[in-house]
Amino acid sequence: MHLRGLRVERDITQHELAPLTSMHHTMLGHIEAGGRNINLRQLDELAVALGVRPGDLFG
């Protein structure tokens, strides 16, 4: 998942991204590190928050 790259490109911290989703900033860190899987709702929330299509999170 290319979450970190998209987030950094947009100059958004995990703390800033978290309130735009239903996830805590520590969970975002685990997702970025590959230590946590997400469901479709969370995938959609991340895509909306970053202004991308859900598929863009995969490369």
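# Exercises on a predicted helical model

Helix 4 is followed by Gly51, whose phi is positive, near 70°. Helices are DSSP runs (H or I, at least four residues), numbered from the N terminus. The structure is a predicted model, in which local features need pLDDT of at least 70 and side-chain atom pairs count only at pLDDT 80 or more, while totals for chains, interfaces and linings use all residues. Residues are numbered from 1 along each chain as its sequence is written, and side-chain values use heavy atoms, with hydrogens and water left out.

## Exercise 1

Task: Determine which residues of helix 3 are buried and how they are placed around the axis.

Solution. Step 1: apply the criterion that buried means under 20% relative accessible area, exposed over 50%, and partly exposed in between (1.4 Å probe, protein chains only). In helix 3 (residues 25-32), the buried residues are Met27, Leu28, Ile31 and Glu32.

Step 2: these residues cover an arc of only 140° around the axis, so they lie on the same side of helix 3. The arc is that of the directions from the helix axis to the C-beta atoms.

Step 3: the buried residues of helix 3 pack against helix 1 (3-9), helix 2 (14-17) and helix 4 (40-50). Contact here means heavy atoms within 4.5 Å.

Step 4: Thr26 is also in helix 3, but Thr26 counts as partly exposed because its relative accessibility is 43%.

## Exercise 2

Task: Describe the surroundings of Arg7.

Solution. Step 1: Arg7 lies in helix 1 and counts as buried because its relative accessibility is 9%.

Step 2: not counting residues up to four places away in sequence, Arg7 touches Ile12, Thr13, Gln14, Leu17, Glu32 and Leu50.

Step 3: the side chains of Arg7 and Glu32 are joined by a polar contact of 2.6 Å. A polar contact is a pair of N or O atoms within 3.5 Å; within protein, one must be able to donate a hydrogen and the other to accept it, and residues adjacent in sequence count only if both atoms are side-chain atoms.

## Exercise 3

Task: State which residues of the largest nonpolar core touch the most other members.

Solution. Step 1: a nonpolar core is a set of buried Ala, Val, Leu, Ile, Met, Phe, Trp, Tyr and Cys residues joined through side-chain atoms within 4.5 Å.

Step 2: among the 15 residues of the largest core, Leu3, Leu17, Leu28, Leu46, Leu50 and Leu57 touch the most other members. The largest share of this core, four residues, comes from helix 4.

How values were computed. Helices (H or I, at least four residues) and strands (E, at least two) are DSSP runs, numbered from the N terminus.
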